[in-house]
Amino acid sequence: MPKTKRLLFTIRSILALPLPAAGRVFYYDTEVSDCALRVSDSGERVFYVYRKVAGKPVKVALGPFDPAIPASREIPRGVDPLLYIGNRPALNPRMARTLAITVAHELGKGNNPADAARTARRRREGELMLGAAFDRYEADHLLPEGKRSA
């Protein structure tokens, strides 16, 4: 059995993939080499971009596979596909390929769109970042007590 499992992603071929006995299995598209599909033992199928950047593997989740979406549906024209990253949109293979090409292009330029989406989500949700926590600690505890560092 080959180490890398490749197939043409279609709705029919994805539905025909066997579920692993335990864990997850990755399959790669024959049209877009960076586009991957993770199949888990629970039956979940999620599209990813898997690519090495600066010698390190990077996985960016694109969204779950939804067989109910027609194969002809595309990402709307005029919409930046990167806006989909981090939102877990339901995708068909055609939409996943378009999104994978865009994400792979950004990764090639050194930008990880998943990092930008994660940072924006944290700011939106008011999640405290480590640097902000140190700044708050310094302002609230160290400076009032006349200390410059911990």
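**Aromatic cluster and nonpolar core**

F9, F47 and F65 form one aromatic cluster, where rings of Phe, Tyr and Trp (its six-membered ring) pair if their centres lie within 6.5 Å. The model is predicted, so local features need pLDDT of at least 70 and side-chain atom pairs count only at pLDDT 80 or more, whereas totals for chains, interfaces and linings use all residues. Residues are numbered from 1 along each chain as its sequence is written, and side-chain values use heavy atoms, with hydrogens and water left out.

The whole structure holds four aromatic pairs. One of them joins F26 and Y48 edge-to-face, at 5.8 Å centre to centre and 70° between the planes; planes over 60 degrees apart count as edge-to-face. Because F26 lies in strand β2 and Y48 in strand β4, this pair ties together parts 22 residues apart in sequence (strands are DSSP runs of E, at least two residues, and helices runs of H or I, at least four, numbered from the N terminus). F26 is partly exposed, at 24% relative accessible area, while Y48 is buried, at 11%; buried means under 20%, exposed over 50% and partly exposed in between (1.4 Å probe, protein chains only).

F47 and F65 also pair edge-to-face, at 6.1 Å and 80°. F47 is buried at 0% relative accessibility, and F65 at 10%.

The largest nonpolar core has 29 residues, and F9, L37, F47, V60 and L62 have the most contacts inside it. Such a core is a set of buried Ala, Val, Leu, Ile, Met, Phe, Trp, Tyr and Cys residues joined through side-chain atoms within 4.5 Å.

How values were computed. Rings of Phe, Tyr and Trp (its six-membered ring) pair if their centres lie within 6.5 Å; planes under 30 degrees apart count as stacked, over 60 as edge-to-face and the rest as tilted.
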